[in-house]
Amino acid sequence: MLKAIGFDLDDTLYPQIQYELYAFKRISMLIEKRYNVDSDRYFNEIVNLFTAQKKERIFDLAIRNTLNFVPEDWEFFVNRELLTEYRNSRPKLELYSWVLNFLSLLKKENKILVLITNGTVETQNYKIDSLGIRNYFSHIYISDEYTPPARKPTLRMFED
């Protein structure tokens, strides 16, 4: 008999695009101020890359596609300001419509619910609390709590 059920967070319990669009808009405004790039143009470029599943160094690709080059101080700017802005974004998030009823049903059936998610501890904890779902889970595993980070598809979080 099934006693425990594990869930992912992003794009499983809520649409991750809610977080991304908010963060991308804020990042685009920073880039406009720093590099005099139209924020809407950069925003559209980064959204297009994201929806095309190009998630590796997406900020770099977007600035290269927008300016046709990468600014000399780009790496410093990304590490010092952009990533901080991204990780500190605090949009209002909403669960998929089925989630609360399903989690409640599983809890009533005394199932052990586990959340396994990739990301920074602060960002993922914000998402969990914003969605109001922390109390449904017996265990929450966030990849970057591990040293080194245990991002999926590695099995460390699943084994724990």
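The legends below describe close-up views of a predicted model.

**Figure 1. Overall view of the protein chain, with seven helices and three strands.** The order of elements along the sequence is β-α-α-α-α-α-β-α-β-α. Along the principal axes, the C-alpha atoms of the protein chain fill a box of roughly 60 × 35 × 25 Å. The protein chain has 160 residues, and 43% of them count as buried. Of the contacts between residues at least 6 apart in sequence, 67% join residues at least 24 apart. The accessible surface comes to about 9400 Å², and carbon and sulfur atoms account for 52% of that area. The side chains include 22 positive and 23 negative ones, and the centres of these two sets lie 4 Å apart.

**Figure 2. The aromatic pair of Y19 and Y86.** The structure holds nine aromatic pairs. In the one formed by Y19 and Y86, the ring centres are 5.6 Å apart and the planes make an angle of 85°, an edge-to-face arrangement. The pair links distant parts of the chain, with Y19 in helix α1 (residues 17-35) and Y86 in helix α4 (residues 74-87), 67 residues apart. Both Y19 and Y86 are buried. K127 lies over the face of Y19, at 4.6 Å from the ring centre.

**Figure 3. An aromatic cluster made of F7, W98, F102 and F137.** Within this group, the rings of W98 and F102 have their centres 5.8 Å apart. Their planes meet at 65°, and the pair is edge-to-face because this angle is over 60 degrees. W98 has a relative accessible area of 39% and is therefore partly exposed. F102, with a relative accessible area of 34%, is also partly exposed.

**Figure 4. Helix α6 (residues 121-131) and its buried residues.** The buried residues of α6 are T123, Q124, Y126, K127, I128 and L131. Elements that cover them include α1, α4, β2 (112-117) and β3 (139-142). One of the buried residues, K127, is the lysine that lies over the face of Y19. G132 follows α6 and has a positive phi, near 70°.

**Figure 5. F43 and the charged end of K25.** F43 lies in helix α2, and the charged end of K25 sits over its ring, 4.2 Å from the centre. The relative accessible area of F43 is 15%, so F43 is buried. Apart from neighbours within four places in sequence, F43 is in contact with L21, F24, K25 and S28. The C-alpha atoms of F43 and K33 are separated by 13 Å, and these two residues are ten apart along the chain.

**Figure 6. S39 in helix α2 (residues 39-51).** S39 is buried because its relative accessible area, 10%, is under 20%. Leaving aside neighbours within four places in sequence, the contacts of S39 are S28, M29 and E32. S28 is also in contact with F43.

**Figure 7. Two cis peptide bonds, T147 to P148 and K152 to P153.** The bond that joins T147 and P148 has an omega of about -10°. P148 is placed in the loop between β3 and α7 (156-159). For the bond from K152 to P153, omega is near 20°. P153 is likewise placed in the loop between β3 and α7.

**Figure 8. Positive phi angles at R57 and N68.** R57 is not a glycine, yet its phi is positive, at about 50°. R57 is found in the loop between α2 and α3 (58-67). With a relative accessibility of 45%, R57 counts as partly exposed. N68, not a glycine either, has a positive phi of about 70°. N68 lies in the loop between α3 and α4. The relative accessible area of N68 is 68%, so N68 is exposed.

Notes:
Residues are numbered from 1 along each chain as its sequence is written. This is a predicted model: local features need pLDDT of at least 70, side-chain atom pairs count only at pLDDT 80 or more; totals for chains, interfaces and linings use all residues. Side-chain values use heavy atoms; hydrogens and water are left out. Rings of Phe, Tyr and Trp (its six-membered ring) pair if their centres lie within 6.5 Å; planes under 30 degrees apart count as stacked, over 60 as edge-to-face and the rest as tilted. Helices (H or I, at least four residues) and strands (E, at least two) are DSSP runs, numbered from the N terminus. Buried means under 20% relative accessible area, exposed over 50%, partly exposed in between (1.4 Å probe, protein chains only). A charge sits over a ring if NZ of Lys or CZ of Arg is within 6 Å of the ring centre and within 35 degrees of the ring normal. Contact means heavy atoms within 4.5 Å. Accessible areas come from the Shrake-Rupley method with a 1.4 Å probe; for residues, only the protein chains shown count as cover. Lys and Arg count as positive and Asp and Glu as negative; His and the chain ends are not counted. The place of a charge is taken as NZ of Lys, CZ of Arg, CG of Asp or CD of Glu.
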